[in-house]
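I opened this entry to keep track of what I looked up about charged, aromatic and nonpolar side chains. The sequence and structure come first, and my notes follow.

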Amino acid sequence: MNSEKVIKHLRALWRTDRIIADIRLRHLLVGLGLRAFAALIAAFGLLMLELSAYFGLVQIWSATAAAAVLGAINFAIAAVLFIVAGRPPSGRDIELANEIHGTSIEALQVEARAFQAELTGAVHHPLSTIVPVLVPLIAIIVRNMRKTTRESAPDASSEARS
């Protein structure tokens, strides 16, 4: 397991999550703005339209029929505006961010599996993890012992002569 890879994947995951959240937040704000604008139009414009249409229709139809027609038209306008405001975000940005997010998750899972396999191997075969460290250590100890033997050999031969 490589910790640099894990950190790189976590950073990519964090960045893509931020991008996805930012895109969704912008979409939510735009949708909310459209809904607020739709409500404003429904409140002021509709009042005037209703009033003028009502007075016009009362001369042709009865007061009840004129009010019912205007109410149905109001509901149709509001439904169209809510449908436009509720559209899902479209565009390449969200698709790309979701793709990178998925790739980062898969890479983290691969790293986690590699770490788990390494850890399992170390638990089942503890010597397999110690041997790569022991071999160079043994070589260093042997070299040091040879040096001390060579250094002590001339000293011992000089003492034997005396």
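The entries below go from charge pairing to ring contacts and then to surface patches.

Entry on the model. I note at the start that this is a predicted model, and I read each entry below with that in mind.

Entry on salt bridges. Side chains of opposite charge can pair when their charged atoms come close. I looked up how many such bridges the structure holds, and the count is 1 salt bridge. The partners are R26 and D22, whose closest N and O atoms are 3.1 Å apart. When I checked where they sit, I found both R26 and D22 in helix 1, 4 residues apart, which is about one turn of the helix.

Entry on rings. I looked up aromatic pairs and noted a count of 1 aromatic pair. I then asked which residue lies over the face of W14. I found R18 there, at 4.5 Å from the ring centre.

Entry on the nonpolar patch. I also found a nonpolar surface patch of about 540 Å², made by I60, W61, V69, I73, I77 and L81. Helix 2, residues 63-85, gives the most to this nonpolar patch, with 4 residues. I looked up I60 separately, and its place is in helix 1, residues 3-60.

Note on methods: Residues are numbered from 1 along each chain as its sequence is written. This is a predicted model: local features need pLDDT of at least 70, side-chain atom pairs count only at pLDDT 80 or more; totals for chains, interfaces and linings use all residues. Side-chain values use heavy atoms; hydrogens and water are left out. Rings of Phe, Tyr and Trp (its six-membered ring) pair if their centres lie within 6.5 Å; planes under 30 degrees apart count as stacked, over 60 as edge-to-face and the rest as tilted. A charge sits over a ring if NZ of Lys or CZ of Arg is within 6 Å of the ring centre and within 35 degrees of the ring normal. Patches are made of residues with over 30% relative accessible area and no salt bridge: like charges are joined within 9 Å, nonpolar side chains (Val, Leu, Ile, Met, Phe, Trp, Tyr) within 5 Å. Accessible areas come from the Shrake-Rupley method with a 1.4 Å probe; for residues, only the protein chains shown count as cover. A salt bridge is a side-chain nitrogen of Lys or Arg within 4 Å of a carboxyl oxygen of Asp or Glu. Helices (H or I, at least four residues) and strands (E, at least two) are DSSP runs, numbered from the N terminus.
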